[in-house]
Amino acid sequence: MSSAALLEHVLSRRSSDLVMSTDSLHDSLHAHLAHWGLRSFSSDADYFAWQRAALSVADLKQLAEQVERKRSGARQDEIAFYDVTAQPQILPVLYSQRYEYFMEIGHRVASRIASAGTVLDFGCGVGILTTFYARQYPETQFVGVDRSPGSIAVAHARARELGLRNVCFECRDVDVEALQGSYEHIIATHALVQSEQDLGIPSRSWTTFERVRDEPQQATFERRTGIDVRLDRLSAVLNPSGRMMLFEKTRQLARRVPFQRALARRGLQLVESPELIRYCLVEEVADDGPFYVVEKESLRSFAWDEAPEPDEGMPFDRSLLQSAPQDLQDSDMPLYENHWPSAQRAWESLVGRLVEQEETRRESDGRQLHVELGTADGLVYLYCANTFDQRQLILVEGRRKGMLDSYYREILSS
Ligand SMILES: C[S@@+](CC[C@H](N)C(=O)[O-])C[C@H]1O[C@@H](n2cnc3c(N)ncnc32)[C@H](O)[C@@H]1O
């Protein structure tokens, strides 16, 4: 066999091994989730039928109350919520809602653990994924840490039942107490940024997506969301040549930028291009992440991206716009509409823009809002932008100006 043919043979073997190992990882993960009593549903109706059969009215009431209390963001309420979710009748039903999440995250993390001797899973919950990783890598020592006593009790019991000798669980609140030891890998998935309602940090002004490098503002974000203490404590137990795998709800630019800066401030560098992950939950599709792999000492790192994601907004091209067809003459359908960050580029490209009315003001939540009504190239436009990356551009024919007039007033009065 020639050397080129040999190389091709080796490469094709390698890629088929990879496909096989990814497939077998998926199969093992499905089997593992089934062991935990989790089920995958292709329809929401089937899920809710199971939920009604498996949970009593009292269970559902208790859960609804805990979800409501958790919204306050108070530490005790969050712990109480996770304790309730660990109850044996509730666990499989509630966690089945996240079946696809476990599949997406479980295989990504597991396929990157291979060479690690010690792994910490911060905020491991009941240990569904931690026990999966431990089953996959019997030679690796895993530690799962969580502040919910109910979750840790379940994690202990499951690990014992599975006969796992390479995993232990600690009940510890990392906001309150430092971690012990030194780890080659640290995993934190949906655990570091618990403040789901936090808006993040605003852009410099409504005209840009750029964030000022403002240390006090960054520090306030980190303190408000609690990631300052959590990241410091995790970094302190990360082996100098170790890596962290992180997946949080930080997809919006206003949260992504300060989260990334928090990692960079602690000397963590990207070693893979961050990956956005989409998965289905019950009644909802989650666009989440990004999934980050970071290291302190890396020979080759990727630059942090602080730009908005490519979006689905239509590029603006005046020559392609036509008048509304006869049958739509009375409808409110605009000639052009864009609700994505790319609306800013479209607005900038309007030819002969003539502003008729505009207002820029600060809203009660601190965001700067700009609304503008004007004409361009024989059309009437309404542009709206704010410092939390929302953009909107609407163009109509001149005779429909009244529609945008009232929309303009509506935005300013809401
Ligand atoms: C949404 S669950 C995620 C569980 C698991 N990582 C997963 O991916 O399924 C978040 C977990 O983080 C834990 N947690 C949040 N803040 C924590 C802290 N400061 N110290 C320890 N555990 C924490 C919660 O108790 C909860 O079990």
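The ligand in this structure is surrounded by 19 residues, and the closest of them are Y101, G123, D146, D175 and T189. Keep in mind as you look around that this is a predicted model.

**Around the ligand**

- By type, the shell residues divide into seven nonpolar, five polar and seven charged.
- Y101, listed among the closest residues, has a side-chain N or O atom 2.5 Å from an oxygen atom of the ligand.
- On the side chain of D173, an N or O atom sits 3.0 Å from a nitrogen atom of the ligand.
- D175, another of the closest residues, places a polar side-chain atom 2.9 Å from a ligand nitrogen atom.
- How much of the ligand does the protein bury? Taken alone, the ligand exposes 600 Å², and the protein buries 95% of that.

**The nonpolar cores**

- In soluble globular proteins, nonpolar side chains tend to be buried together.
- Here, the largest nonpolar core contains 44 residues, and L38, I113 and Y133 have the most contacts inside it.
- Helix α6 (residues 99-110) supplies seven residues, the largest share of this core.
- Which residues does L38 touch, leaving aside those up to four places away in sequence? They are L33, L91, P92, Y95, S96, Y99, F102 and I128.
- Another core, of 28 residues, lies apart from the largest one, and its members include V143, A191, V193 and M244.

Note on methods
Residues are numbered from 1 along each chain as its sequence is written. This is a predicted model: local features need pLDDT of at least 70, side-chain atom pairs count only at pLDDT 80 or more; totals for chains, interfaces and linings use all residues. Side-chain values use heavy atoms; hydrogens and water are left out. A residue is near a molecule or strand if one of its heavy atoms lies within 4 Å of it. A polar contact is a pair of N or O atoms within 3.5 Å; within protein, one must be able to donate a hydrogen and the other to accept it, and residues adjacent in sequence count only if both atoms are side-chain atoms. Accessible areas come from the Shrake-Rupley method with a 1.4 Å probe; for residues, only the protein chains shown count as cover. Ala, Val, Leu, Ile, Met, Phe, Trp, Tyr, Cys and Pro count as nonpolar, Asp, Glu, Lys and Arg as charged, and the others, Gly among them, as polar. A nonpolar core is a set of buried Ala, Val, Leu, Ile, Met, Phe, Trp, Tyr and Cys residues joined through side-chain atoms within 4.5 Å. Buried means under 20% relative accessible area, exposed over 50%, partly exposed in between (1.4 Å probe, protein chains only). Helices (H or I, at least four residues) and strands (E, at least two) are DSSP runs, numbered from the N terminus. Contact means heavy atoms within 4.5 Å.
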